[in-house]
Each structure stands twice: as C-alpha cells, then as structure tokens.
Amino acid sequence: MEPQQLPLAGIRVLELGHNIMGPACGLILADLGAEVYKVERPGKGDDTRWLQGFGAGFFTCFNRNKKSLAIDLKTEQGRELFLKLVEKVDVVVENFAPGTVDRLGVGDAVCRERNPALIFCSLKGFMPGPYAHRPALDEVVQMMGGLAYMTGPSGKPMRAGASVTDILSGGFGVIGILAALYQRRQSGQGQMVQASLFESVAFLMGQHMAGAAVTGQVPPPMPERGRTWSVYELFTCRDGQQVFIGITSDRHWHRMCATFGFDDWAGDPRLATNQGRIEARSWFFPELQQRLQHLDKKVLMALAERAGIPFAPVNQPVDLWDDPHLNESGGLADTRTPAGNPVKLPKLPLRLGGQSFALRLQPPAVGEGAGDILQLAGLTPLEIEALVKAGIIAVSPCRES
C-alpha cells in the first residue's frame, strides 16, 4: 500500500510518549499512515533508548514509522514552539505522570485553546477518580486488577510475560482517537480522549467477573482452573521438547485416534464423549502421556497437523524470527536497532483489503525528521539553526529505511 493510500494519511500527531503505553498508541497510528512526531529531549532523547534488561527492546519495538521532534519543553521557547506546532496537527498523545503536562503548560485545555479541532489523547494509570493521582506501572495494575492472580498459582501472583496492559491501553487510546476524528468530521471540534491501565485490566477481567456472577464461585487461577476439556495439556516428547495439545470436541478425538493409530481407543465407549474422557482421566491420561512421549517433537506436530487438532510447540520469543508462517505471510518487518543491528519484528496484526502495514521509517535518531514539521510551522532555516544552537531543539535529516 502506497503511503498516500494508507487510511490515516494526512493525519499529523505529536506523541509525548515514553516507555510503552504512549509509544504503542503512536506506533499503531504511524503504521496506519499518520505522520507521527515523537517528542523527546534534545541530547539523550527518550529514556527507553538506553534501557537494558527487560526494557532493552522497548524503543526499537514501539517507534518505527515515526519522526523525532527533540524539543526542551521545560524552557519558555520550547513550550511556545510546541504550542505553535499544536496548531498544525490533528492529535496530541501523552502518557506522562499525572499532572506533568499541565505543569509544563502543554495540557489539554491549553493545547485545545490553540487548536479547537485538536484531539488530545491522555493515557494514564487510572481514569479520573480516587486513584487518579497514583503513579502506575503495567505490573502494578496487573496486581490490582486480578490479572496477576489469575496468571500465577495460588499464593504466587504472576504478571503476564509481556506488557499486555500497556499495549492494550495504547490500543484503546487509538480506538478513542479514531472515534474522535470521525466525530470531528461532523462537528469540526476536537475533544479529549482518555484511556488507562487499570480500567483496561478490569476490562480483561470482565469474563471472570461475569463467570463468578453466573456460577456463584470465585474463579481459581489459570494453573488450577477446573477441567472443561479431557485433553488440554503439555506433553513432553522423546527429545525433551514440549507440545501443547487441546482436544475440544469429540470430532478432534476421533481424528486423533485415527491419525495416531489409537485403534483400541477409537471404539471404546468409555472414551466416546468429552465427559466420559474426563471421568476416565485417572487411567486414560497417564496412558496417553506414555504413548506420546515416545514421539519426537517434529513427529508429534506433524501427526497433530494431519489430524487437524489444535496443537502448539512451546516457543521462546526469539523463535518467532524463523517462524515459517510469519515469514512467508509477510508478518515481520526488517527493523534496525539504535546500534544499527537488524531484527525482524511483528507488524500490526491487521490487514485492510488484504494488505498489511509496512515499515516505512526506521526508529528515528534523536531529532531525525523534525525539520518537516518545523518548516510547516513557518520556521525559517535561520530560526531553526538558532534554536539548535540554543539547545532548545535537535534536528537531523531522515535516513533511508
């Protein structure tokens, strides 16, 4: 899909984002074709450029298809320049700590006074209410909202293995922005959009809250959940690898028996139904484990595929680099890390008209591409140069992708 044909082509965004929630929101908008300027400090830029450990990939993952606007918002000149740029854009996204944008003088009221058509998206830990002043993290709200309780075994709550609430909240921010842009077509007016971490976790927990209301029982953590299916387990193969298999219908069971050569079980009336197999687990399941542990992982997966039953290897994230489906379907984008190293990262899990959304710009260097919006705002080359010399902004040209 050509850039000018992308669904959000022509939409300009200033992203005051850090860590994951704000940058994830900006990433989705950028992949969909919006012109997104990541606002960061001159010099070091966003702190996620320098994180190590669990956060080492944050910047590379969440900042493709953006330009960098390095501007010192703590100076009067920087603040005034930012507000001048606000007049030229459609959306501002921010996920700073509570009260920060207001202290900087670039909050919703100030920005929409300068541009009444502006969509101002505020991403926070909590919606307005008793907790609104609290700082929040993905792990904090996973604990508060019940997700950690549902993920780990009893007494050992465990956060999910990815920043699911940050990314989900950023996605809800995008939904709100798109809805506000649609409303603006009728009203001509912008508005404030709010999305939050805690309420996003609560939304995820809705299924368990409803289940408790229906059954009258508090749902147990996932490792201790009640048995719905007779076979829904990890199996250890002869080579020590593990494969998950889920038999969720009697058709699955009959196909498994036929393909795996379980002729003695195919006609056993005790195993003919899912409930029967659950009642027979004490003798049936250990025997199934014995039969499958004599197979290598590749053999077991090939048989499961042939049988048309749900199965999955237990992969690590790095295994996805070589995943044949992601590679052959064009689901990975060739990206460069800040150090210039190549890495294949997932595209948006979304297609329109059969087309996925490509990488157009690599994650930017500090100030890379800022000249475009500065010129749009009417700054002359001499004015830009003076601001650079004063340390108010940093500017560098876009590199080839």
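I began with helix α9 and looked up what its buried residues pack against: α1, β5, α6 (138-145), α7 (147-151), α8 and β6 (191-196). I took helices (H or I, at least four residues) and strands (E, at least two) as DSSP runs, numbered from the N terminus. I counted a residue as buried under 20% relative accessible area, exposed over 50% and partly exposed in between, with a 1.4 Å probe and protein chains only. By contact I mean heavy atoms within 4.5 Å.

I note that this is a predicted model, in which local features need pLDDT of at least 70 and side-chain atom pairs count only at pLDDT 80 or more, while totals for chains, interfaces and linings use all residues. Residues are numbered from 1 along each chain as its sequence is written, and side-chain values use heavy atoms, with hydrogens and water left out.

**Entry 1: the helices**

In α9 (residues 197-204) I listed Leu 197, Phe 198, Ser 200 and Val 201 as buried. They lie on the same side of α9 because they cover an arc of only 160 degrees around the axis. The arc is taken over the directions from the helix axis to the C-beta atoms.

I then turned to α6, where Asp 138, Val 141, Gln 142 and Gly 145 are buried. Their arc around the axis is only 105 degrees, so they too sit on the same side of α6. The cover over the buried residues of α6 includes α7, α8 and α9. After α6 comes Gly 146, with a positive phi near 95 degrees.

**Entry 2: Cys 121**

I located Cys 121 in strand β5 (residues 119-124). Its relative accessibility is 0%, and therefore Cys 121 counts as buried. Beyond its neighbours within four places in sequence, Cys 121 is in contact with Val 92, Val 93, Glu 94, Gly 173, Ile 177 and Val 193. I also checked Gln 194: 73 residues separate it from Cys 121 along the chain, yet their C-alpha atoms are 5.8 Å apart.

**Entry 3: the nonpolar cores**

I defined a nonpolar core as a set of buried Ala, Val, Leu, Ile, Met, Phe, Trp, Tyr and Cys residues joined through side-chain atoms within 4.5 Å. The largest has 33 residues, and Val 13, Leu 29, Val 91, Val 93 and Ile 177 touch the most other members. Two or more residues of this core come from each of α1, β4 (91-94), β5, α7, α8, β6 and α9. α1 gives the largest share, five residues.

For Leu 29, setting aside neighbours within four places in sequence, I recorded contacts with Leu 8, Val 13, Ala 34, Val 36, Val 93, Val 174 and Ile 177. Another core, of 30 residues, lies apart from the largest one and has Leu 69, Leu 81, Val 101 and Leu 379 among its members.

**Entry 4: the largest pocket**

I looked up the largest pocket, which holds about 1,400 Å³ of space. Its lining has 45 residues, with Cys 61, Phe 62, Ile 167, Leu 345 and Pro 346 nearest the centre. A pocket here is an open set of points on a 1 Å grid over the protein atoms alone, where a 1.4 Å probe fits, with protein on both sides within 12 Å along at least five of seven lines; lining residues have an atom within 4 Å of a point. Grid points are joined across faces, edges and corners, and the volume is the space filled by probe spheres set on the points. α8 provides the largest share of the lining, seven residues.

**Entry 5: the whole chain**

Of its 401 residues, 45% are buried.
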